[in-house]
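Here's a set of questions and answers to work through with the model open beside you. Grab a viewer and follow along.

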Protein chains: 2
Amino acid sequence: MLGLMQDHPLLISSLIEFAGRHHHEAEIVSRRVEGDIHRYTYADAARRSRRVANALDRLGLAFSDRVATLAWNGYRHLELYFGVAGSGRVVHTINPRLLPEQIAWIANHAEDQVLCFDMTFLPIIKGIWTHCSTVKHWIALCDADKLPADTGIAGLRSYEAWIADAPDSSDWPQFDERSAAALCYTSGTTGNPKGALYSHRSTLLHAFAGALPDALGVSARDAILPVVPMFHVNAWGLPYGAAMTGAKLVFPGAALDGKSVYELMESERVTMAAGVPTVWLGLLNHMAQHGLKFSTMRRTVIGGSACPPAMIKSFRDDYDVTVVHAWGMTEMSPLGTVCTLKLHQTELPGEQQLAIMGKQGRAVFGVEMKIVDPDGKELPWDGRHSGDLHVKGPWIIGSYFKGEGGDPLVDGWFPTGDVANIDADGFMQITDRSKDVIKSGGEWIGSIDLENIAMAHPGVAMAACIAARHPRWDERPLLVVMKKPGATLTREELLAFYDGKIAKWWTPDDVVFVDAIPLGATGKMLKNKLREQFKDYQLPTV
Amino acid sequence: MLGLMQDHPLLISSLIEFAGRHHHEAEIVSRRVEGDIHRYTYADAARRSRRVANALDRLGLAFSDRVATLAWNGYRHLELYFGVAGSGRVVHTINPRLLPEQIAWIANHAEDQVLCFDMTFLPIIKGIWTHCSTVKHWIALCDADKLPADTGIAGLRSYEAWIADAPDSSDWPQFDERSAAALCYTSGTTGNPKGALYSHRSTLLHAFAGALPDALGVSARDAILPVVPMFHVNAWGLPYGAAMTGAKLVFPGAALDGKSVYELMESERVTMAAGVPTVWLGLLNHMAQHGLKFSTMRRTVIGGSACPPAMIKSFRDDYDVTVVHAWGMTEMSPLGTVCTLKLHQTELPGEQQLAIMGKQGRAVFGVEMKIVDPDGKELPWDGRHSGDLHVKGPWIIGSYFKGEGGDPLVDGWFPTGDVANIDADGFMQITDRSKDVIKSGGEWIGSIDLENIAMAHPGVAMAACIAARHPRWDERPLLVVMKKPGATLTREELLAFYDGKIAKWWTPDDVVFVDAIPLGATGKMLKNKLREQFKDYQLPTV
């Protein structure tokens with residue numbers, strides 16, 4: 001027997017319609033590529049998203065056709081999120097930090113029909129457009145009068161001209177909530193990128209879970225600055241969660257330096273931000289240099305890679321901002337765990353709370369997780385046993401786009417490629433990527449702990465710990481360090497810094513100082529490149 | 001093209017499994033009918049819910065068979081919520097405050113197979129059990145040794161004996177998320193009660209929406225006291241929302257007097273409570289009499305009927321507790337609107353905030369609403385136009401159980417029977433039940449405003465405003481008042497109290513003092529009974 005509730009599919013169009021009706025006055029503020037500040041409301045965003053939908057109809061795009069974006073965080077990108085998916089097409093966000101040939105490869109693989117790009121990326125498009133065989137329409141995200149006349153790109157038009165005379169009043173189509181809504185490729189460090197194809201259903205369930213008080217805690221009393229790019233797993237779902245709750249949105253555009261981000265936070269009275277640690281490093285450096293404080297900022301969600309404990313402490317002690325550690329993956333929409341305290345932890349001493357907050361956190365409802373040994377046997381939740389982290393849930397992939405790589409699941413669980421422990425309270429901590437683990441004499445050494453300790457040293461700007469070959473132990477940790485400008489720091493000082501912080505035998509065998517550590521398109525350290533670079537490195541034998 | 005996310009149905013069993021795994025240590029505390037305090041954890045609740053599921057299998061109950069409860073808020077009732085619905089049956093909560101013949105009528109109409117009851121209600125069951133033709137199994141919610149030997153009820157057994165040897169380790173069945181999960185009858189004041197049949201899908205979506213920061217804001221840092229009964233629209237969904245987030249649950253059992261509730265709040269460090277205004281009246285009276293304050297209570301959700309502004313103010317000013325006004329219906333699972341401020345309202349003066357907080361609030365995502373005139377034409381959101389309130393959404397009924405009353409929808413919308421206005425910010429305010437509106441000379445007078453003003457008078461315990469016949473104006477307001485014990489209050493004083501608070505012509509024409517105002521099974525004033533009682537009342541002609 002079925003229940004007798006009304007039958008409404010969970011559709012992305014309902015988010016923007018709800019926001020446009022119930023939060024019509026709430027603001028969306030964007031720093032544009034042009035440098036100026038643009039502001040409008042959810043009512044405007046809803047109207048213009050409907051124009052996008054109608055403009056796509058006029059182009060003759062079919063249901064599920066892909067529309068690509070190569071764009072910063074801003075209001076036009078937001079309209080594409082809702083207009084493309086809401087009208088039944090698939091919004092395909094491409095990471096502009098990829099190499100041009102990778103961008104072309106992805107656009108061809110996705111069979112994108114339309115590609116919308118910020119003017120920042122015109123040089124990239126000029127270089128690749130003839131190689132994108134499926135793209136029929138090129139849209140520059142700018143005013144009609146800002147479109148250069150001589151781009152050479154056939155049929156290029158401006159976004160504003162494109163949507164200007166499309167109607168804004170039609171009803172959104174209703175369809176199966178499991179329909180494809182958004183496509184995002186992993187920035188795999190090996191092999192070709194693989195696509196995660198989100199559905200309307202998965203996106204809405206993820207938005208609900210992500211907005212909960214113990215997750216990102218999104219409300220109509222928030223002004224949210226997503227520094228995390230909209231091309232990076234849908235800015236962790238914040239555009240959807242903000243529309244669901246009527247939160248004010250503040251988009252930073254291309255200006256992600258500490259000064260620009262700080263000024264936007266203050267002028268727009270931002271209460272909450274989200275981004276990767278490297279961005280917050282720039283922000284904190286800027287604030288420390290100029291003796292600045294926050295007026296309204298209360299919490300920042302940090303994910304993408306682990307946040308160094310020193311940064312969590314600095315945010316709390318120096319700026320009265322709570323760091324909310326979050327963990328997820330492109331394959332997970334991305335939210336898996338969020339680190340917010342439980343009732344019985346709220347009265348622990350500050351240092352113990354900090355130790356908890358350094359973990360990746362506990363599962364949000366909808367995500368199930370387990371850690372397993374190499375035989376697939378589930379390991380206990382005691383905070384000591386580390387194993388491969390597997391997850392499942394309605395916003396976690398079942399397969400990749402076009403079935404690439406076959407069935408990625410093991411007994412219905414998605415193996416994340418992370419190595420983690422889970423404590424008795426359900427707080428998960430990543431100890432490593434499984435491919436980054438250092439296998440020393442049959443025991444595992446987690447590289448992330450070693451990196452976090454190095455990063456806590458005042459002279460260190462960035463540190464990577466990789467396995468180097470060792471004649472006796474097979475592998476031993478080698479620390480690769482980028483110093484802060486002007487810092488004087490020796491190998492011996494840094495190794496001594498590990499004393500008492502970690503088991504003696506985990507201490508790196510050696511330190512090399514480098515000018516730069518290679519970063520991937522999402523700001524993560526490319527440790528496979530370092531491993532390649534140091535594959536013949538001779539460790540000092542003790 | 002469908003998205004490529006994992007396919008997991010939204011099932012109620014996943015809530016208790018999640019809580020049992022990720023919040024296994026979080027407490028569930030119950031004041032039992034026996035008077036003692038029982039405490040255990042979500043891990044225990046999950047295990048015992050599985051026992052319930054297996055015990056139902058042993059009884060041979062089929063998928064979708066109904067299992068009724070006649071019970072207070074407590075841990076065994078919670079286990080039935082999860083065990084019955086989780087195993088694919090339908091948990092049917094019956095309001096024990098109904099007349100015994102109504103209870104029997106409902107049990108027969110629902111075709112309940114099992115009926116579980118608290119020992120408080122043994123006298124009711126003794127009186128009706130032979131009239132409940134479909135009930136094959138009678139379960140008393142007590143220990144095996146507390147079961148009286150001589151009840152005369154054939155086959156009666158204790159809950160504890162029933163589940164004792166049922167296994168606790170099986171996997172929950174997986175099935176269509178639209179399957180029926182819970183059944184709740186409206187306590188209609190006219191005609192037979194009608195059943196709202198909730199699905200697993202509607203229950204989980206409602207739990208997500210209800211737990212959002214702008215709704216009830218449920219988190220693992222909360223200790224929640226649902227005073228609202230679990231037989232009253234599933235305690236507004238709080239048991240589901242608590243399991244979803246790992247919030248501590250504190251169940252008051254049968255002891256709903258101010259002293260008992262206060263003591264439980266303090267001893268269990270309750271942070272949030274939910275209930276109807278009449279319960280809070282008792283609590284506030286008790287606290288005022290004894291000069292008490294709260295240690296941990298921060299907010300209380302008030303619904304069921306409108307909360308008098310004076311109570312909102314007292315909670316805020318005297319006890320530092322935020323009243324969160326909520327509105328809904330049995331037909332709505334029940335959540336429709338919640339009154340939490342928006343960003344631009346957070347800096348308004350306290351009096352203006354109070355005025356907003358007196359409204360029923362703004363729609364949670366998932367609920368769409370509109371007000372219409374008698375011709376069905378949508379009215380503007382200006383805070384002035386009042387009209388019939390219509391709603392739609394995935395946790396609002398499409399039809400009643402067994403199709404009673406035909407199609408309840410109008411163009412896909414459910415007419416709530418409430419008359420309301422909606423302001424420019426989307427805040428809805430009920431001005432009346434459509435059947436309670438007073439039609440004076442062709443204009444509508446809302447009875448609720450008039451009642452609220454009377455209730456703000458220190459001498460008034462309860463006030464109802466009804467239409468009385470008037471030779472010239474057709475109807476005019478008559479105020480029926482129950483004084484506070486010992487209060488001296490005259491008709492003239494009370495009518496003068498309206499001066500300046502409301503349009504002159506809205507002032508009631510007369511006041512009658514009564515010893516008691518009749519209340520329905522959910523604590524609402526039965527104004528139809530008053531109308532019947534005063535149908536020949538002669539208003540003074542001016």
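Q: How many residues does the contact take from chain B and from chain A?
A: This is a predicted model, and the totals for its interface use all residues. A residue is in contact if it has heavy atoms within 4.5 Å of the other chain. On that basis the count is 85 residues from chain B and 85 residues from chain A.

Q: What area do chain B and chain A bury between them, and which three residues of chain B supply more of its share than any other three?
A: The two chains bury about 6400 Å² between them, and 60% of that is on carbon and sulfur atoms. On the chain B side, one trio supplies 14% of the area buried against chain A, more than any other three residues. Those three are Met1(B), Met5(B) and Phe365(B).

Q: Why can we say that the copies meet through the same surface?
A: Take the interface residues of chain B and look for them among the interface residues of chain A. The copies meet through the same surface because the share found there is 100%.

Q: Is H7(A) parallel or oblique to H7(B)?
A: Helix H7 spans residues 200-211 in chain A and residues 200-211 in chain B, and the two axes come within 9 Å, crossing at roughly 45°. Roughly parallel would need an angle under 35 degrees, and roughly perpendicular starts at 65. So H7(A) is to H7(B) oblique.

Q: Which residues of H7(B) make the contact with H7(A), and what is the handedness of the crossing?
A: The crossing is left-handed. By class, the contact has 6 nonpolar, no polar and 2 charged residues. From H7(A) come Arg201(A), Leu205(A), Phe208(A) and Ala209(A), and they face, from H7(B), Arg201(B), Leu205(B), Phe208(B) and Ala209(B).

Q: H7(A) also packs on H9(A), so what is their relation, and which residues of H9(A) take part?
A: H9(A) covers residues 238-245, and its axis is 9 Å from that of H7(A), at an angle of about 75°. That makes the pair roughly perpendicular. The class count is 6 nonpolar, 3 polar and no charged residues. Thr203(A), Leu204(A), Ala207(A), Phe208(A) and Ala211(A) in H7(A) meet, in H9(A), Tyr240(A), Gly241(A), Met244(A) and Thr245(A).

Q: How many nonpolar, polar and charged residues are in the contact of H11(A) with H12(A)?
A: H11(A) (residues 277-290) and H12(A) (residues 309-319) pack at about 35°, with axes 11 Å apart, and their crossing is left-handed. On the H11(A) side sit Pro277(A), Trp280(A), Leu281(A), Leu284(A), Met287(A) and Ala288(A), while H12(A) brings Met311(A), Ser314(A), Phe315(A) and Tyr319(A). The tally is 9 nonpolar, 1 polar and no charged residues.

Q: Where is Pro334(A), and what is omega for the bond that joins Ser333(A) to it?
A: Most peptide bonds are trans. Pro334(A) is in the loop between strand E14 (322-328) and strand E15 (335-339) of chain A. A cis peptide bond joins Ser333(A) and Pro334(A), with omega at about 5°.

Q: What is phi of Lys402(A)?
A: Most residues other than glycine have a negative phi. Lys402(A), in the loop between strands E18 (387-392) and E19 (414-422) of chain A, has a positive value, near 65°.

How values were computed:
Residues numbered from 1 in each chain as written. Chains lettered and ligands numbered in written order. Predicted model: local features only at pLDDT ≥ 70, side-chain atom pairs only at ≥ 80, totals over all residues. Heavy atoms only, no water. Axes fitted to C-alpha atoms, helices over the stretch in contact; angles between N-to-C directions. Helix = DSSP H or I, 4+ residues; strand = E, 2+ residues; numbered from the N terminus. Parallel < 35°, antiparallel > 145°, perpendicular 65-115°, else oblique. Left-handed = near helix turned anticlockwise from the far one by under 90°. Nonpolar A, V, L, I, M, F, W, Y, C, P; charged D, E, K, R; others polar. Buried area = accessible area lost by both parts, 1.4 Å probe.
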